[in-house]
Amino acid sequence: MSETSLSITKFSDLANPTRFLALVARILPWMAAFTALCFIVGLYLSFTTEGDYQQGETVRIMYIHVPAAWLSMMGYTIMSLSAIGTLVWRHPLADVSAKAAAPLGAAFTLIALVTGSLWGKPMWGTWWVWDARLTSVFILFLMYLGLIALNRAIDEPSKAARVSAVLILVGFVNIPIIKFSVDWWNTLHQSASVLRLDGPAIDPEFLRPLLVMAVAFTALFFTLHIMAMRNEIWRRRVAAQRRMAARLASREG
Amino acid sequence: MTHAFYVYGSYVFAALVTVAATLWTWADGRARRKELAALEASGIRRRSARAKDGE
Amino acid sequence: MTALLLRDLTLSVRAGGGALIGVLFFLTVVAVIPFGVGPDLALLSRIGPAIVWIGALLAALLGLDRLFQAERDDGSLDLMLMQETPLVLTVLVKCLAHWIATSLPLVIASPLLGLFMNMSETAIGATMLTLLVGSPAITFIGAVGAAVAVALPRGGLLVSILVLPLTIPVLIFGVSATYAAVEGPSPFLPPFLILVALTLFFAVIGPAAAALALRNTSD
Amino acid sequence: MTALLLRDLTLSVRAGGGALIGVLFFLTVVAVIPFGVGPDLALLSRIGPAIVWIGALLAALLGLDRLFQAERDDGSLDLMLMQETPLVLTVLVKCLAHWIATSLPLVIASPLLGLFMNMSETAIGATMLTLLVGSPAITFIGAVGAAVAVALPRGGLLVSILVLPLTIPVLIFGVSATYAAVEGPSPFLPPFLILVALTLFFAVIGPAAAALALRNTSD
Amino acid sequence: MTQKLNLSNVFSLEATNLSARRGEDLIFEGVSFRLTSGEALVLTGKNGSGKSTLLRVVAGLLRQERGSVSFTDSHGSIHQRVGEVSHYLGHRNAMKSELTVAENLDFWRRFLGNTHDTPAFSIDDAAEAVGLDGITHLPFGYLSAGQQRRFAFAKLLVAHRPVWILDEPTAALDTSGDSLFAGLIETHRQRGGIVLAATHQPLALSDVRELRMTGFAGVSAGVWG
Amino acid sequence: MTQKLNLSNVFSLEATNLSARRGEDLIFEGVSFRLTSGEALVLTGKNGSGKSTLLRVVAGLLRQERGSVSFTDSHGSIHQRVGEVSHYLGHRNAMKSELTVAENLDFWRRFLGNTHDTPAFSIDDAAEAVGLDGITHLPFGYLSAGQQRRFAFAKLLVAHRPVWILDEPTAALDTSGDSLFAGLIETHRQRGGIVLAATHQPLALSDVRELRMTGFAGVSAGVWG
Ligand code: HEM
Ligand SMILES: Nc1ncnc2c1ncn2[C@@H]1O[C@H](COP(=O)(O)OP(=O)(O)OP(=O)(O)O)[C@@H](O)[C@H]1O
Ligand SMILES: Nc1ncnc2c1ncn2[C@@H]1O[C@H](COP(=O)(O)OP(=O)(O)OP(=O)(O)O)[C@@H](O)[C@H]1O
Ligand SMILES: [Mg+2]
Ligand SMILES: [Mg+2]
């Protein structure tokens, strides 16, 4: 009895939330500072570079639309990796990571959708079309929302994490569809011009602010993600201690 | 600027969402920290913390 | 495993089960669409394949959400989880039974439906073929949702939100293959092969994910 | 009776239940139709009302077949049958709860759906109105089927065959009233009044027949 | 026990010459009994001997082949539909696993209503009476089999009915639960209630009458004969 | 009883230091036992004390928090997945009420397969063994509660499994059913089988070990500390 309670199993050893919290406390200020710096540079570049001869000033929408679109996919990818961690290694931090990434992913997807719409009105003459890329991004948004709701619906966090993990992995098929939809169907949407095998086909004039903004958005994502993970760990810690307190109280009473 | 509405609209919207997300995350963290402090104050301590005290 | 297949088929005939419901639902749809498009037969035949496909999607989803819940409610799921037979296989067979009971009748009835929609022979043939090939994918995707729904005594609704969108690619390729066969500047084979690939893909992923969900949620 | 209404609504939110499912189904269908019929906005807006109505039918049917089965399976139906409250009233309230949970959201969402389908304001208004008036009839008809399914544990299939066709008139008058409002050589009122009459008729007949079937359940 | 009873508060449950079919078989025939306030009748018999069938006939859930059941209330008027004045606790618990215990009990309390003006228990009191206070906030589906049965019984307490029809009330219960239920049933009888119970394990009740069901009352071809 | 056993046919079921959670509560902790061929362990305890939970952990239907369960077969090889060599009879009967008894049993016989080459009962023999031959053509839903439980037990006979995990097997049974089941369990043990049963009523078994569950093993905050 006493032996088991002392011996730390491999599982809980790996997943030491306390150690994670210490790490976060150390790197969080640096990450926040880096994010802020990137945004300052990125925004400066975004508004000082030339407009496109074809798209005019609206090309500036690209500097947020494209990074947000990338991050909406990256957020889901991070959730998928976490889901693997949950199912294969049963790592509690993976549960936390997947849960914390969902609202962030949803936020960036929303940005991509809205800025895309705002770009579409002047460019295509309509806010919204049911085209393959737009539809699949919309589906991604719905899936984020669904996963958030699913997580809330199950009151047992570890079970919630395992169930969501399965769905996250199944939903991952949507990511390649988003990425390659423009190649598979000829749609209104621009095809890939930055992330291509044969190098970017875009003027460096636009590429520079785009890349800086992409880095800034990514840094923001990770900063918020580890903050949210820390919150989630605290939340569970509070829940565990409350439960313990209730039990001890009822035992005495 | 041509299409200023769309350009600024995008930037304002993106700013709103990112700032909201940041504030929400931060506020959530503060609330959790307060709860933990309250629990600590009411005498419920973490196992490891207790162990350190040599309980 | 044939035992399971036979049992599920018997059950679907005996208890509220699918069989004709898809076809009936479909007939209702066919009865209503002409009001929208008017007596324009050309138009009707144009949207025909899409309508048949949507009907098939909806029909496949009817009752799918209870695929595993019914088993859980009477305790059979426990015994199935305990067996040596890979759970994936059990899930696969259950999907198959569901498909035979609800989607296959629709595939078989689709020529009749095609006639109602004034579709050409090629269109009818192509619809039938794509349905036959593509509809299993819908069942497999739905099975994942059904398996997750078992875990949620309180929230099966969410599952459909999560899983339904995944069927859209199947639909898109199914419909576009059919149109390619009929009108055809674009060739028929590429979308059709993608459809086949999707079905095969989900035939692997679907049961595997469903089995994983079932294993992780039993209590 | 409000207790029953509230409980059923709570259940529908918690357990696999309706609430948003109709709207979601609908969104999926809408997202898919353009892939099928092509991004032809005029066509889309023409078939819009029919599609919204079909969505409503489907939403109403989802889960309706288990309206009383779930109650029987856990024994609640026995207690409901024993009460002094007229059984008709109980059935009516259960129908109402089902309608609020599954059809009403679709009615409320129909303007949004109409926008997606590129429908005109008149069309949207007419669809919403006819849906509001007509969809209860579908629920009432379905309730009869659900009750019979409980009474005949091994004849659930029959029920859908018998009951589903009854919904076709509702659908046809609903859709034709909408089109009359939009395009209109034919006047709007006659089909609309028939729709109202149908709903009132089934509001009386449906619960009465369902109660009768439940009283006569075999065990 | 009857000394406590006010005479104006005496009612009775009467069954005359009942017979019932299940499928096409006659399960029992010529069953008659009369119970007045405070009396209890326990049905015993082999599996499949028709105990549950008789209870369901009395509750009005199954139509009898012949005979009649009636309830005479304290004013002397006769009710044919005994179900309306009865609680029925069947093999199934009639609770939704998705709802919490409190939600379930609250629903039944309001749905059943307190037709007879004897005060009923509050939900917390009822939970305490079945020995499970403090867990009414849990979803019903999260409880163990015995806990579920206890709360199903608590349902009888939250709304008053003079007649209790109980089908194996103590199934899945531990010994403390057995005596708890016996106590609750005794209290109900002391307040003038009538109890009709089917059971395999002897219930620790005082002064009960017993009816032994034998099952399969014989082949009679019914109207086709 | 063990004298009948061929030594090469001796297997064992071992649980070491098991603990399990339900919801977030630790239900039991440090449960260990070892059963060899022919032995039986009976779990007792109050309602909600964790009997069913332990059985489900052993059957592999619920994941333990810590500890392990293993089965050592007659060749000495160790299986981690005890479910595969076990029959589990839970609170629910795992039979479809729309199908006839024969169809149900036949399905389970073929689905479960006879993994161990000990011959199993035919469907009619199994029905006879539980005392209900002649009604296997009825739909399962048409049976009385006790009859349903008997046929659920018959399921254990139509395919052989060395370990039987029984959760209140005799719930809803009459006294003759109790002794019938006790007999069948004894026969299984004499053939070398292992039995693990949770029950409130004493089972008429010879020479059983008993494990008393106490429920709620204590507070622990888990990894979140
Ligand atoms: C709501 C509507 C829109 C959505 C959901 C959307 C979504 C996306 C997504 C997911 C990406 C990333 C694709 C990748 O990495 O390959 C992307 C990239 C891009 N989008 Fe959009 N978009 C929308 C509207 C628009 C509009 C209207 C335009 C301009 C006319 C536009 C121009 C671009 C460009 C130039 C890229 C970068 C492509 C690359 O270089 O890889 N988008 N969009
Ligand atoms: N699905 C579940 N989720 C959460 N908690 C549960 C669940 N099932 C049971 N519990 C809790 O676990 C505890 C043990 O339950 P278990 O079913 O093992 O008890 P038991 O000993 O079998 O009781 P009984 O004699 O009533 O069958 C109970 O307190 C119960 O509330
Ligand atoms: N729905 C039904 N349809 C047809 N026959 C039925 C039905 N339910 C029960 N029977 C038959 O009626 C007979 C009596 O069943 P009943 O449930 O009344 O027995 P019981 O005395 O309650 O038995 P138990 O102790 O097992 O609960 C049984 O032989 C059974 O097979
Ligand atoms: Mg009975
Ligand atoms: Mg138990």
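Biologist: Where does UniProt put the "transmembrane region" in chain B?

Modeller: The unreviewed UniProt entry places it at residues 6–27 of chain B; such annotations may be inferred rather than shown by experiment. This is a predicted model, with local features needing pLDDT of at least 70 and side-chain atom pairs 80 or more, while totals for chains, interfaces and linings use all residues. Residues count from 1 along each chain as written, chains are lettered from A and ligands numbered from 1 as written, and side-chain values use heavy atoms, without hydrogens and water.

Biologist: New topic: which protein donors does the magnesium ion (ligand 4) have?

Modeller: E:Ser52 (OG) and E:His91 (NE2), at 1.9 to 2.6 Å. Donors are N, O and S atoms within 2.8 Å of the metal (3.2 Å for Na, K and Ca), and water isn't among the atoms, so sites may look incomplete.

Biologist: Where do E:Ser52 and E:His91 sit in chain E?

Modeller: E:Ser52 is in helix H1 (residues 51–59), and E:His91 is in the loop between strand E6 (86–89) and helix H2 (101–112), 39 residues apart.

Biologist: And chain A, how many helices and strands?

Modeller: Chain A has 9 helices and 0 strands.

Key:
Helices (H or I, at least four residues) and strands (E, at least two) are DSSP runs, numbered from the N terminus.
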